[in-house]
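Dear colleague,

I am passing on the structure that we spoke about, with the sequence alongside. Please look through it first; my notes on what was found follow below.

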Amino acid sequence: MEGAGLPGKDRMIRVTRKVEFSAAHFYHNPNFSADENRRVFGKCNNPHGHGHNYVLEVTIAGEPDPTTGMVLDLKELKDILETEVMERMDHRHLNYEVPELTGQIPTCENIAAVIWKLLEPKIKSGKLDRVRLYESPELFVDVNAGNGARA
Ligand SMILES: [Zn+2]
């Protein structure tokens with residue numbers, strides 16, 4: 001009867017927390033000519049930047065602690081997201097103000113990878129399973145445990 005009533009043969013449960021932040025960016029590769037930058041990045045190359053309301057979903061996988069019924073302390077996760085993501089990125093210009101993105105084009109892909117690297121070592125109970133970052137309601141990027149994300 002082990003695991004009866006729970007999906008799967010292990011007791012892995014996934015918990016997701018969502019936060020939203022606003023930030024500005026533009027796309028520019030210093031190794032491209034001005035023409036190449038315009039061709040590859042289009043209007044996203046405008047050096048004055050533009051803004052997005054990003055929506056971040058962070059999923060932690062683990063077994064619920066039998067004494068609390070929780071995979072992890074949700075208040076603690078909220079605090080981690082506040083410190084690692086909101087304080088770093090909310091109302092920032094991602095090209096200039098986030099040291100972890102220095103030297104990278106701040107695409108949704110690169111931002112999500114940076115968020116993974118920031119969060120992964122901070123999750124002490126359960127494991128970081130997925131970082132999903134929406135740049136708009138129509139576009140999101142996933143970084144998953146096991147698809148190459150490394151701290
Ligand atoms: Zn953009």
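Is Leu81 buried or exposed? Before I answer, please keep in mind that this is a predicted model. Leu81 belongs to helix α2, and it counts as buried because 21 other C-beta atoms lie within 10 Å, where 20 or more are required. Leaving aside residues up to four places away in sequence, Leu81 touches Arg17, Val19, Val58 and Met86. Leu139, which is 58 residues away along the chain, has its C-alpha atom 21 Å from that of Leu81.

As for the overall layout, the protein chain has three helices and five strands, and read from the N terminus these elements follow the order β-α-β-α-β-α-β-β. Taken along the principal axes, the C-alpha atoms fill a box of roughly 65 × 25 × 25 Å. The chain has 151 residues, of which 19% count as buried. Where contacts link residues at least 6 apart in sequence, 65% of them join residues that are at least 24 apart.

The five strands form an open sheet with mixed pairing, in the order β3-β1-β2-β4-β5. The edges are taken by β3 (92-93) and β5, and each of these has a single partner strand, so one side of each is left without a neighbour in the sheet. Further in, β1 and β2 pair in the antiparallel sense over 13 bridges, while β2 and β4 are also antiparallel, pairing over seven bridges. Thr59 can be followed through both pairings: it is the bridge partner in β2 of Thr16, and its own bridge partner in β4 is Arg130. Elsewhere along β4, Leu133 is the residue that Leu56 stands opposite.

Helix α2 lies across β1 (13-25), β2 and β3, and its direction is at about 20 degrees to that of β1. Helix α3 packs on the sheet as well, where it touches β2, β4 and β5, with its direction making about 150 degrees with that of β4.

Helix α3 deserves a paragraph to itself. It covers residues 108-119, twelve in number, and reaches 16 Å from its first C-alpha to its last, close to the 16 Å expected at 1.5 Å a residue. Its buried residues are Ile111, Ala112, Ala113, Val114, Ile115, Trp116, Leu118 and Leu119, and what covers them includes β2 (50-62), α2 (74-89), β4 (127-136) and β5 (139-144).

This leads on to the nonpolar residues. In soluble globular proteins, nonpolar side chains tend to be buried together. Here the largest nonpolar core has 25 residues, and those with the most contacts inside it are Ala112, Ile115, Trp116, Leu119, Val131 and Leu133. At least two residues of this core come from each of β2, α2, α3 and β4, and α3 gives the most, with eight residues.

Most residues other than glycine have a negative phi, whereas phi of His91 is positive, near 60 degrees. His91 is exposed, because 11 other C-beta atoms lie within 10 Å, and the limit for that class is 12 or fewer.

With best wishes

Technical notes:
Residues are numbered from 1 along each chain as its sequence is written. This is a predicted model: local features need pLDDT of at least 70, side-chain atom pairs count only at pLDDT 80 or more; totals for chains, interfaces and linings use all residues. Helices (H or I, at least four residues) and strands (E, at least two) are DSSP runs, numbered from the N terminus. The expected span of a helix is 1.5 Å times one less than its number of residues. Two residues are in contact if their C-beta atoms, placed from the backbone, lie within 7 Å. Two strands pair if DSSP finds at least two bridges between them. Axes are lines fitted to C-alpha atoms, for helices over the stretch in contact, and angles run from 0 to 180 degrees between N-to-C directions. A nonpolar core is a set of buried Ala, Val, Leu, Ile, Met, Phe, Trp, Tyr and Cys residues joined through C-beta atoms within 7 Å.
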